[in-house]
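Trainee: I'm new to this one, so please take me through it slowly.

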Amino acid sequence: MASSQLTASSISTRSVASFEGLRPSSVQFHSARHVRIGNPARRSFKALIVKAATVVAPKYTAIKPLGDRVLVKIKEAEEKTQSGILLPSSAQTKPQGGEVVAVGEGKTLGKNQVEISVKPGAQVVYSKYAGTEVDFNGEKHLVLKDDDIVGILETDDIKDLKPLNDRVLIKIEKAEEKTSGGLYLTEATKEKPSFGTVVAVGPGLVDEEGNRKPLTVASGNTVLYSKYAGNDFKGKDGFEYITLRSSDVMAVLS
């Protein structure tokens, strides 16, 4: 069986900060399926940084989104808790909001042209894993579809969100603190509820004839929704909220 030797001199380190504990003769490849790593006690890779954002060269001075795309300047992550405690980078929550910088011309649906639902300058909240991150003029931006924008939020409290299209904002019911037998539950054993009260709804989606189709749920409804749907937020009132599509709402409770 052929064996090949991987040495430190054969690894390009221009984009990797350091490989701590990787010795010149510590890795051997015996076949395409089997890799043997020497000295397993010292194989930690520290300071390995992967930058996901696409960097736009300084010679480009503008980004014009096409179709139903929107360019959003990402809001900076909170560096302190509400009580003023500084958060390490690993504990800072990834932002899900920002300011609309530019919008595309919209999309064609049937014989109708559907405009983008937001305007430049609007403060918006978007889906957690949406879009492509872009580093432009030294600041983080996101290019995403209009449909990935959850709603408009002009304050810093999620309960003031104005949902767009088919999105629904729900105030989640608090988890039960006791079992049916009266035993108190720890935070780890509390089951996250999948029902709550509708706080606000979007205007609905546009059909091929250019008409808005109102949603089947309304503010004040208590609803049951899909357990793993949507995006969770913490309100300033201490309650948890979730935004999801109306299709993820399974039933109205009464």
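Mentor: One term to begin with: a residue is buried when its relative accessible area is under 20%, exposed when that area is over 50%, and partly exposed in between, using a 1.4 Å probe and protein chains only. This is a predicted model, where local features need pLDDT of at least 70 and side-chain atom pairs count only at pLDDT 80 or more, while totals for chains, interfaces and linings use all residues. Residues are numbered from 1 along each chain as its sequence is written, and side-chain values use heavy atoms, leaving out hydrogens and water.

Trainee: OK, how many helices and strands does the chain have?

Mentor: The chain comes to 0 helices and 21 strands, where helices (H or I, at least four residues) and strands (E, at least two) are DSSP runs numbered from the N terminus. Of its 254 residues, 29% count as buried. Among the contacts (heavy atoms within 4.5 Å) with a separation of 6 or more, 61% are between residues 24 or more positions apart.

Trainee: In what order do the 8 strands of the open sheet come?

Mentor: The order is 4-10-11-5-6-9-12-13, and the pairing is mixed; two strands pair if DSSP finds at least two bridges between them. Strand 4 (54-55) and strand 13 (162-163) stand at the edges with a single partner strand each, so one side of each is left without a neighbour in the sheet.

Trainee: And strand 11, which way does it run against strand 5?

Mentor: Strand 5 (residues 69-74) and strand 11 (residues 139-145) run antiparallel and are joined by 5 bridges. Val70 has Leu144 as its bridge partner in strand 11, while Leu71 has Val143. Strand 10 (residues 132-136) is also antiparallel to strand 11, again through 5 bridges, and there Val134 is partnered with His141. Strands 10 and 11 form a hairpin with 2 residues between them, and Asn137 in that turn has a positive phi of about 55°.

Trainee: Switching to the inside, which residues have the most contacts in the largest nonpolar core?

Mentor: That core has 15 residues, and those with the most contacts inside it are Val70, Val72, Val100, Val118, Val124, Leu144 and Ile149. By nonpolar core I mean a set of buried Ala, Val, Leu, Ile, Met, Phe, Trp, Tyr and Cys residues joined through side-chain atoms within 4.5 Å. Strand 5, strand 6 (97-103), strand 9 (123-126) and strand 11 each supply at least two residues of this core, with the largest share, 3 residues, coming from strand 5. Apart from it lies another core, of 12 residues, among them Ile170, Val198, Leu215 and Val223.

Trainee: Back to Val70, what does it touch?

Mentor: Leaving aside residues up to four places away in sequence, Val70 touches a list that includes Val100, Ile116, Val118, Leu144, Asp146 and Ile149.

Trainee: Where does Asp146 lie?

Mentor: Asp146 lies in the loop between strand 11 and strand 12 (149-152). Asp146 is buried yet has no salt bridge, since its nearest side chain of opposite charge, Lys107, is 6.6 Å away. Here a salt bridge is a side-chain nitrogen of Lys or Arg within 4 Å of a carboxyl oxygen of Asp or Glu; Lys and Arg count as positive, Asp and Glu as negative, and His and the chain ends are not counted. Among the residues that Asp146 touches are Asp68, Glu115, Ser117 and Asn165.

Trainee: How many salt bridges does the structure hold?

Mentor: It holds 9 salt bridges. In one of them the side chains of Asp68 and Arg69 meet at 3.9 Å, N to O; Asp68 is buried at a relative accessible area of 15%, whereas Arg69, at 36%, counts as partly exposed. In another, the closest N and O atoms of Lys73 and Glu139 are 3.1 Å apart. Lys73 lies in strand 5 and Glu139 in strand 11, so this pair ties together parts that are 66 residues apart in sequence.

Trainee: And which residue does Asp147 meet in a salt bridge?

Mentor: Asp147 meets Arg245 at 2.7 Å, N to O. Asp147 is in the loop between strand 11 and strand 12 and Arg245 is in strand 20, so the pair ties together parts 98 residues apart in sequence. Both are partly exposed, Asp147 at 27% relative accessibility and Arg245 at 24%. Salt bridges that share partners join Asp147, Asp166, Arg167 and Arg245 into one network.

Trainee: What does strand 20 pair with?

Mentor: Strand 20 (residues 240-245) runs antiparallel to strand 14 (residues 167-172), with 5 bridges between them, and Val168 has Leu244 as its bridge partner. Strand 19 (residues 231-234) is also antiparallel to strand 20, through 4 bridges.
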